[in-house]
Amino acid sequence: MIKIVVAGFKGKMGLTATKMVIENEKFELVGVLDPMATEANLNELPEFVQLDIPVFHQKEELVKQVKPDVWIDFTIPKVAYQHTLFAVENGIRPVVGTTGFTESQVAGLITQTKEQQLGGLIAPNFAIGAILMMQFAAKAAEYFPDVEIMELHHDQKLDAPSGTAIKTAEMIAEVRGYHQQGNPAEKELIKGARGADFEGMKIHSVRLPGLVAHQQVQFGSAGEGLTIRHDSYDRASFMTGVALGCEKVMELDQLVYGLENLL
Ligand SMILES: NC(=O)c1ccc[n+]([C@@H]2O[C@H](COP(=O)([O-])OP(=O)(O)OC[C@H]3O[C@@H](n4cnc5c(N)ncnc54)[C@H](O)[C@@H]3O)[C@@H](O)[C@H]2O)c1
Ligand SMILES: O=C(O)C1=N[C@H](C(=O)O)CCC1
């Protein structure tokens, strides 16, 4: 059995991941972490009365009391890097869905895990359909260099653009490099009207109640257009990927960035 802790278990994704770990016979939930939690044990919550799982409020307290193999992280961008580093330093394989990592943070964690020969995963999106959307978009960019990315999320999201949009833009940029788009003389009459810029491609972030996680990658060329879209209507869409990540990191000897590396 793979021993797992879930950081951010009181959040939308953390709670979904906690239930997935409990229900998966290959996994054993050995603890959960959230400084906002008022409980000392998961069984204080009505849906988990039959369980006996300690709730930790500090990560230092967690590693003193339990020895997990895997650290699932769905917290907030401000703490995710510190958490991942902490997990690695304590020999715990991170499976991180929290977004907001910088390129240099990811690079540093890859170097460190290589030195320790410790598996790990940072995946901006765990939905299999989202991975395909990003891969199809990278393929399309070979023929359609003009592209704009529209990501749409629920209105509680802290970071913009989304981790998925940044990863998509990175994958497209790998194929086509920098490419100036639109009219070089265009002027924004309202600041931000053209969105964020990544290597010449624009990224637009929509935040509305009712949404979960959605992204449209729209290509245009002479007389034709191509739109690739993915929709997560429910957070269950991410759980196949999280479970796969928890199993695969046990075999890896370094951290990888993106679930596509494990498919
Ligand atoms: N990779 C994916 O597939 C995927 C999918 C959905 C969301 N996300 C990302 O996951 C993150 C969480 O999303 P959410 O919708 O669940 O957010 P949320 O706000 O519902 O939950 C975040 C939780 O983190 C907790 N938290 C804050 N500081 C903490 C700390 N120091 N230690 C432990 N827990 C702490 C909060 O109390 C809260 O319960 C975001 O960065 C989001 O972008 C990724
Ligand atoms: O709900 C969120 O927040 C999500 N964030 C990820 C991102 O930033 O790409 C992906 C899915 C949902």
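**Two ligands in one predicted model**

A polar side-chain atom of Lys157 lies 2.7 Å from an oxygen atom of ligand 2, a polar contact being a pair of N or O atoms within 3.5 Å, where within protein one must be able to donate a hydrogen and the other to accept it, and residues adjacent in sequence count only if both atoms are side-chain atoms. The model is predicted, with local features needing pLDDT of at least 70, side-chain atom pairs counting only at pLDDT 80 or more, and totals for chains, interfaces and linings using all residues. Residues are numbered from 1 along each chain as its sequence is written, chains are lettered from A and ligands numbered from 1 in the order in which they are written, and side-chain values use heavy atoms, with hydrogens and water left out.

**Ligand 2**

- The residues around ligand 2 include Thr99, His153, His154, Lys157, Gly163 and Thr164, where a residue is near a molecule or strand if one of its heavy atoms lies within 4 Å of it.
- Oxygen atoms of ligand 2 are also approached by a polar side-chain atom of Thr164 at 2.4 Å and by a backbone N or O atom of Gly163 at 2.9 Å.
- On its own ligand 2 has 310 Å² of accessible area, of which the protein covers 86% (Shrake-Rupley method with a 1.4 Å probe; for residues, only the protein chains shown count as cover).
- The shell around ligand 2 has three nonpolar, seven polar and one charged residues, with Ala, Val, Leu, Ile, Met, Phe, Trp, Tyr, Cys and Pro counted as nonpolar, Asp, Glu, Lys and Arg as charged, and the others, Gly among them, as polar.
- Ligand 2 sits in the largest pocket, a pocket being an open set of points on a 1 Å grid over the protein atoms alone, where a 1.4 Å probe fits, with protein on both sides within 12 Å along at least five of seven lines; a molecule sits in a pocket if more than half of its atoms lie within 2 Å of its grid points.

**Ligand 1**

- The space taken by ligand 1 is the largest pocket, and of the 23 residues around ligand 1, Met13, Asp34, Thr99, Ala123 and Phe126 come nearest.
- Oxygen atoms of ligand 1 lie 2.7 Å from a side-chain N or O atom of Thr99 and 2.9 Å from one of Lys157, while a nitrogen atom of ligand 1 is 2.8 Å from a backbone N or O atom of Ala123.
- Taken alone, ligand 1 exposes 870 Å², and the protein buries 84% of that.
- Helix 1 (12-23) and helix 3 (77-89) each supply at least two residues of the shell around ligand 1, helices being DSSP runs (H or I, at least four residues) and strands likewise (E, at least two), numbered from the N terminus.
- By class, this shell holds 11 nonpolar, eight polar and four charged residues.

**Aromatic pairs**

- The model has three aromatic pairs, in which rings of Phe, Tyr and Trp (its six-membered ring) have centres within 6.5 Å, with planes under 30 degrees apart counted as stacked, over 60 as edge-to-face and the rest as tilted.
- The ring centres of Phe74 and Phe126 are 5.9 Å apart and their planes stand at 65°, so this pair is edge-to-face.
- Phe74, in the loop between strand 4 (70-73) and helix 3, and Phe126, in the loop between strand 6 (120-122) and helix 5 (128-140), are 52 residues apart.

**Backbone**

- Ala160 and Pro161 are joined by a cis peptide bond with omega about -5°, and Pro161 lies in the loop between strand 7 (147-153) and helix 6 (163-176).

Terms used
1 Å grid on protein atoms, 1.4 Å probe; cavity = no way out; pocket = protein on both sides within 12 Å on 5 of 7 lines; lining within 4 Å.
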